[in-house]
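Please keep the sequence and the structure in view while reading.

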Amino acid sequence: MSSLLRSLLTAALVLAWSPALAFTPDDPYRDKQWHLDQIGMAQAWDYNQGGRADVKVAVLDTGVAYEDYETWNMVSDLAGTLFDRENAYDAVYNDSHPNDSNGHGTHVTGTIAQTTDNGVGVSGVAYGVTILPVQVFNPEGGANPQDVADGIDYAVSRGADIINFSAGGQDYQVVREACRRAYDAGVLVVAAAGNAGINQLEYPAAYPTALAVGAVRLDQELAYYSNHTRDMVLAPGGETRMDQNSDGYADGVLQQSADGNYWFKQGTSMAAPHVSGLAALILSEARDLGLAIPEGGDRVDWLKAIIMTTALDLGEAGPDELYGYGLVQAANALALLNSGQPSINGALMSWRQNSHWTPEYLVDGEGNPQDAQLGLRTNGYELDSPGPRPGYLDTTPVL
Ligand SMILES: [Ca+2]
Ligand SMILES: [Ca+2]
Ligand SMILES: [Ca+2]
Ligand SMILES: [Ca+2]
């Protein structure tokens with residue numbers, strides 16, 4: 001039996017033995033967050049309750065409702081979340097106040113690190129880590145590729161461990177090169193697969209330096225809108241046209257938005273931050289355990305290997321074009337870290353053998369006809385649309 005298989009079996013046994021320990025935070029809407037259950041958060045929090053403050057996740061988005069400033073306000077359920085306020089940055093307007101006029105970035109941030117067990121609202125995956133808000137999208141959801149590249153470089157320079165990018169677009173040389181620099185610096189870029197429902201990824205998700213995240217709905221089927229391919233993972237993105245758990249609410253990802261209300265939203269934008277939160281928990285647990293964490297690009301591969309090889313295989317056996325490596329499982333990933341260095345090494349070796357990873361693949365190509373469009377603000381990235389009718393918690397608009 002391979003050491004990986006053995007470690008996964010060990011993980012399953014650990015879970016079977018400790019169901020009574022599952023941490024249940026007192027956030028009143030926690031029971032509407034089916035998406036946290038889907039990736040095993042209750043059991044994962046028994047290994048690590050929310051992560052460490054010295055793990056930093058940069059949210060490259062429309063900004064975050066993290067401060068009271070001019071006409072903007074911090075939303076109530078981010079009050080206990082740690083922010084790197086000193087380094088918060090707005091690459092669109094070139095100021096130090098990445099305030100969120102859209103709502104997208106605040107919702108995404110909530111999934112990663114919403115204040116948890118505070119008796120307010122909802123829970124987040126890695127609620128003890130530090131968030132670095134970096135605005136690269138304008139309030140309408142468009143972005144200049146140069147601002148995106150600058151935002152990536154900026155996050156790396158300010159010590160981010162993980163960059164969440166819940167958006168996508170074409171292949172731009174400046175973004176591709178910034179992602180490569182992040183990889184070389186050991187920073188994992190977690191990116192949304194895209195919402196076109198096609199067998200192809202958007203960029204930067206498609207770069208081998210990044211980790212692509214597609215979306216499943218509540219019953220673990222691929223969401224109709226999710227882009228897909230073999231080398232990706234899945235996380236809950238929901239489908240707001242459905243109510244598969246019959247709780248009277250749309251099956252979206254529930255977080256507080258910049259307007260202070262709690263919204264069920266769908267999209268690969270909503271899936272990606274679950275994985276960013278998981279990556280932050282993995283780094284936290286590895287530091288707690290004193291494990292050897294590789295440097296540079298090897299660290300990115302190490303994180304990807306742990307996340308991908310502990311995912312729940314869906315569809316046909318093994319990695320496949322519809323479900324990729326499967327649905328991420330936070331408890332399995334943390335169990336692997338706790339099962340010893342040989343098991344972790346086995347996961348990394350297994351991933352390198354089975355993925356399409358090759359060192360040559362990481363070498364950037366020479367020419368790119370799209371390079372001529374660099375810097376044109378009309379070639380912006382589009383944010384995910386929140387779906388035909390995002391569910392609003394207090395009005396229950398399930399279609
Ligand atoms: Ca600003
Ligand atoms: Ca809360
Ligand atoms: Ca529902
Ligand atoms: Ca499969």
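Val189 stands opposite Ala210 in β8. The model is predicted, so local features need pLDDT of at least 70 and side-chain atom pairs count only at pLDDT 80 or more, while totals for chains, interfaces and linings use all residues. Residues are numbered from 1 along each chain as its sequence is written, and chains are lettered from A and ligands numbered from 1 in the order in which they are written.

The protein has 10 helices and 13 strands; helices (H or I, at least four residues) and strands (E, at least two) are DSSP runs, numbered from the N terminus. Of its 399 residues, 56% count as buried. A residue is buried if 20 or more other C-beta atoms lie within 10 Å of its own, exposed if 12 or fewer, and partly exposed in between, with C-beta atoms placed from the backbone. Among contacts with a separation of 6 or more, 77% are made by residues 24 or more positions apart; two residues are in contact if their C-beta atoms, placed from the backbone, lie within 7 Å.

**Strand β7**

- β7 is mostly covered, with 5 of its 5 residues buried.
- Leu188, Val190 and Ala192 point one way from β7, whereas Val189 and Ala191 point the other way.
- In a regular strand the side chains alternate between the two faces of the sheet.
- β7 pairs with β5 in the parallel sense over 4 bridges; two strands pair if DSSP finds at least two bridges between them.
- Within this part of the model, Ala191 of β7 is the bridge partner of Phe165.
- β7 and β8 also run parallel, and 4 bridges join them.

**Helix α6**

- Helix α6 covers residues 173-184, and its 12 residues should span 16 Å at 1.5 Å a residue; its end C-alpha atoms are 16 Å apart, which agrees. The expected span of a helix is 1.5 Å times one less than its number of residues.
- The buried residues of α6 are Val175, Arg176, Ala178, Cys179, Arg180, Ala182 and Tyr183.
- An α-helix has 3.6 residues a turn, so residues three or four places apart point the same way.
- The packing partners of the buried residues of α6 are α5 (145-157), β5 (162-165), β7 (188-192), β8 (210-216) and α8 (296-309).

**Helix α5 against helix α6**

- The axes of α5 and α6 come within 8 Å and cross at roughly 10 degrees; axes are lines fitted to C-alpha atoms, for helices over the stretch in contact, and angles run from 0 to 180 degrees between N-to-C directions.
- α5 is therefore roughly parallel to α6, a term for angles under 35 degrees, with over 145 counting as roughly antiparallel, 65 to 115 as roughly perpendicular and the rest as oblique.
- On the α5 side the contact is made by Pro145, Gln146, Val148, Ala149, Ile152, Asp153 and Val156, and on the α6 side by Val174, Val175, Ala178, Cys179, Arg181 and Ala182.
- By class, this contact has 10 nonpolar, 1 polar and 2 charged residues. Ala, Val, Leu, Ile, Met, Phe, Trp, Tyr, Cys and Pro count as nonpolar, Asp, Glu, Lys and Arg as charged, and the others, Gly among them, as polar.

**Helix α8**

- α8 has 14 residues and reaches 20 Å from its first C-alpha to its last, close to the 20 Å expected at 1.5 Å a residue.
- α8 is mostly covered, as 10 of its 14 residues are buried; among them are Val300, Trp302, Leu303 and Ile306.

**Residues in loops**

- Ser226 is found in the loop between β8 and β9 (233-236), and counts as buried because it has 30 C-beta neighbours inside 10 Å.
- Leaving aside neighbours within four places in sequence, Ser226 is in contact with Ala193, Gly197, Gly214, Ala215, Gly237 and Thr268.
- Gln220 counts as partly exposed because it has 15 C-beta neighbours inside 10 Å.
- Asn94, in the loop between β3 (89-90) and α4 (104-113), has a positive phi of about 55 degrees although it is not a glycine.
- Asn94 counts as exposed, with 9 C-beta neighbours inside 10 Å.
- Pro204 lies in the loop between β7 and β8, and a cis peptide bond with omega of about 10 degrees joins Tyr203 and Pro204.
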